[in-house]
Amino acid sequence: MSLLVVGSVAFDSVKTPFGVAEDVLGGSATYFSTAASYFTDVKLVAVVGDDFPEKHVSFLKSRKVDVEGLQRTAGKTFRWKGEYGYDLNEAKTLETHLNVFEGFKPEVPESYKKPDVLFLANIDPVLQREVLHQVERPKLVACDTMNFWIGGKRAELVRTLAEVDILLINEGEARELAGEPNLVKAAKAIQGMGPSTLVIKRGEYGALLFGTDYVFSAPAYPLESVFDPTGAGDSFAGGFVGYLDNMHNFDEKSLKQAIIFGSVMASFNVEDFSLNRMKSLDYKEIESRYREFRKLTLFDDIA
Ligand code: AMP
């Protein structure tokens, strides 16, 4: 199978109650590709500046991520600065510097043009659509976004959503996008914008999957040590979409399994800063945590 992603590759500066990380490797497409690389082959479309060290590109290559579509241009790499309080569910964005993304014209390489699955990671919705329109219509198009674009480029985002099959979004952002405080009503409103399937991520409270005629709830893994929630959403998406691409099946059963693989990848990612935990991760650990998730919610019917 083949999975294509467009999104940000970034330098992040992050402060949590447990420590600080300055100018570390981040970005929605970086977290996504790394997480998805445990399940399938990933092709990456993004841009970095001339300040981006080769060692980060080598890391992506070591995960077998195809970086032919990673452009390098003169200027500075995208930078994001964020902070978390003790409530680790909500990032406070302190600074966003689009830098080389401002003039970015995505050019999808010839070898990328027939993806089975396309993931539009969190980035300008105009760029998301530009990539979507350069490829043969994939079997599945999934998408992520954030408040920065919901507030800043709403009309463009709504146009992108009309062409998307699955949207993954945070609880607060779902309410903001739908303009509706009740999550079930918000989900219906968003499904009316295009995506027939919706995944609402609820941080330490897990995730909800809204299908065409069913709802499924997945818990979050009860972790004792959470250091940095940055990238939790993107690594969730990497596990979720990566598994679906691997299965090449998007039915209800696969979607429910995928949401657990997404939760597994997010739970590993938050155990350390940047991509440090995913760098040392082994597929056997992923399988074993998947089975622990199963035990978490398996219970008998009424006697
Ligand atoms: P999350 O998975 O939601 O924690 O995403 C965190 C990542 O999103 C960080 O590594 C940031 O570099 C990236 N990010 C933050 N703001 C934006 C934005 N406006 N556009 C694209 N990527 C962003």
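A crossing of two helices is called left-handed if the near helix is turned anticlockwise from the far one by less than a right angle. What you have on screen is a predicted model.

Let me take the helix pairs. Two packed helices are described by the angle between their axes and the distance between the axes. Helix H3, residues 125–132, packs with helix H5, residues 154–161, at an angle of about 30°. The axes of H3 and H5 are 8 Å apart. Angles under 35 degrees count as roughly parallel, and H3 and H5 are therefore roughly parallel to each other. Their crossing is left-handed.

The other pair is helix H6, residues 171–178, and helix H7, residues 183–191. Their axes come within 9 Å and cross at roughly 60°. H6 and H7 are therefore oblique to each other. The H6 and H7 crossing is left-handed as well.

Now the ligand. How many residues surround it? The count is 19, and the closest are Ser8, Asp12, Gly27, Gly231 and Asp234. Sorted by class, that shell holds 10 nonpolar, 7 polar and 2 charged residues.

On to individual contacts. Aspartate 12 has a polar side-chain atom 2.4 Å from an oxygen atom of the ligand. In aspartate 234, an N or O atom of the side chain is 2.7 Å from a ligand oxygen atom. Asparagine 122 takes part through its backbone: a polar atom there is 3.5 Å from a nitrogen atom of the ligand.

How much of the ligand does the protein cover? On its own the ligand has 510 Å² of accessible area, and the protein covers 91% of that.

Which elements give two or more residues to the shell? They are strand S2 (10–16), strand S6 (78–83), helix H4 (147–152) and helix H8 (232–247). H8 gives the most, with 3 residues.

Notes. Residues numbered from 1 in each chain as written. Predicted model: local features only at pLDDT ≥ 70, side-chain atom pairs only at ≥ 80, totals over all residues. Heavy atoms only, no water. Near = heavy atom within 4 Å. Polar contact = N/O pair within 3.5 Å; in protein donor to acceptor, adjacent residues only side chain to side chain. Areas by Shrake-Rupley, 256 points an atom, 1.4 Å probe, with all protein chains shown as cover. Helix = DSSP H or I, 4+ residues; strand = E, 2+ residues; numbered from the N terminus. Nonpolar A, V, L, I, M, F, W, Y, C, P; charged D, E, K, R; others polar. Axes fitted to C-alpha atoms, helices over the stretch in contact; angles between N-to-C directions. Parallel < 35°, antiparallel > 145°, perpendicular 65-115°, else oblique.
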